[in-house]
Amino acid sequence: MFTADDHLYMARALRLAARGLYTTDPNPRVGCVLVRDGQVVGEGWHERAGDAHAEINALRQAGERAAGATAYVTLEPCCHHGRTPPCSQALIDAGVTRVVAAMPDPNPLVAGNGLAALEAAGVSTVSGLLAAEAEALNPGFVMRMRHARPWVRCKLAMSLDGRTAMQDGESRWITGEAARRDVQHLRARSSAIMTGIGTVLADDPSLNVRLEREADVPLLQPLRVIIDSRLRTPPTAKLLDLPGETLILTGSTDAGREALLTRPGVSVDTLPLNVAGQLNLQHVLQYLGSAGINEVHVEAGAVLCGALLADRLVDELVIYVAPHLMGDAARGLFALPGLQHMAQRIALSIQEVRAVGKDLRITARLAD
């Protein structure tokens with residue numbers, strides 16, 4: 001069905017889409033390449049939410065040369081009016097004769113309708129080329145459209161013997177500078193950075209992105225989310241006064257405590273507690289999904305990370321392993337008190353292991 005040239009041009013479209021990794025949220029990362037008579041006549045990617053989509057940028061570059069061209073797009077062209085007009089109609093109006101989409105758009109507003117609109121206008125369409133690679137660019141958008149919750153990535157750092165902090169809580173720094181810099185890239189691609197109240201009280205973290213970008217494409221600061229069932233966040237917490245937005249999710253109805261925390265850029269939302277007096281993490285993720293959050297990057301302690309893992313709400317684990325030992329009195333990676341027998345083990349599937357400076361980075365997912 002697909003030629004070697006089709007693969008070549010779609011691979012180029014995927015590389016273009018990746019340029020929007022840090023800037024398109026909550027929209028998907030999309031790239032487009034226009035080819036006519038074996039020559040690339042236009043290309044583009046979606047750079048920022050609210051700006052032109054990839055197809056429009058490619059069409060602008062191609063101009064009249066778009067007539068008779070094939071469009072290689074990493075996601076099915078949209079067919080509805082959002083902040084921008086439908087891309088399917090723009091392709092039709094430009095005279096594009098063939099559209100190759102890596103994958104259908106899981107957004108119910110599109111979901112095959114974009115390709116159908118193109119077909120109805122006489123444009124030849126096909127999808128499924130490098131679909132897995134296209135989906136890997138947008139795991140959060142796909143998860144939110146299909147399951148109404150974000151993709152959850154849990155980042156942890158540990159010693160070779162599986163420890164995350166000394167017995168007294170000392171943990172700086174387990175990993176080296178290269179690994180800590182690598183984490184900044186994971187933060188930057190995320191819609192939200194989530195932690196628990198235990199980490200806020202113990203570490204007073206910033207949970208912001210500290211990377212430099214070009215002046216014309218500023219980095220987005222992800223939403224900072226604190227899981228704080230009893231509203232114990234100190235009004236002096238560092239992250240409350242940093243640039244960007246902070247959301248505290250709680251089950252408390254203490255208006256006085258809420259008033260001490262609420263300020264520009266900080267909001268407190270109340271969700272129901274479960275029978276154990278904790279926030280239901282499935283409901284938390286659904287709540288964030290309804291707010292347009294695609295990818296949640298979790299940097300938290302053993303309790304919250306363990307609870308997410310036990311509820312099978314972790315889609316990806318990124319574990320940095322440092323080449324040192326911290327001893328059996330140091331703190332462990334997850335709080336999983338219900339595991340007592342080998343048959344209860346939580347099986348993981350290792351996706352990647354690679355060196356980052358002097359440390360190792362293990363990427364894993366829950367095994368089916």
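Trainee: Which residues line the largest cavity?

Mentor: A cavity is a set of points, on a 1 Å grid over the protein atoms alone, where a 1.4 Å probe fits but cannot get out, and lining residues have an atom within 4 Å of a point. Here the lining is Thr 24, Asp 25, Asn 27, Pro 28, Arg 29, Asn 138, Gly 140, Phe 141, Asn 294 and Glu 295. This is a predicted model, where local features need pLDDT of at least 70, side-chain atom pairs count only at pLDDT 80 or more, and totals for chains, interfaces and linings use all residues. Residues are numbered from 1 along each chain as its sequence is written, and side-chain values use heavy atoms, with hydrogens and water left out.

Trainee: What volume does the largest cavity have?

Mentor: A volume is the space filled by probe spheres set on the grid points, which are joined across faces, edges and corners. For the largest cavity that is about 50 Å³.

Trainee: How do α2 and α3 lie relative to each other?

Mentor: Helices are DSSP runs (H or I, at least four residues), numbered from the N terminus. Axes are lines fitted to C-alpha atoms over the stretch in contact, with angles from 0 to 180 degrees between N-to-C directions. The axes of α2 (residues 54–62) and α3 (residues 87–94) come within 9 Å and cross at roughly 20°. Angles under 35 degrees count as roughly parallel, so α2 and α3 are roughly parallel to each other.

Trainee: Which residues make the contact?

Mentor: Contact means heavy atoms within 4.5 Å. Glu 55, Ile 56 and Leu 59 of α2 meet Cys 87, Ala 90, Leu 91 and Ala 94 of α3.

Technical notes
Helix = DSSP H or I, 4+ residues; strand = E, 2+ residues; numbered from the N terminus. Parallel < 35°, antiparallel > 145°, perpendicular 65-115°, else oblique. 1 Å grid on protein atoms, 1.4 Å probe; cavity = no way out; pocket = protein on both sides within 12 Å on 5 of 7 lines; lining within 4 Å.
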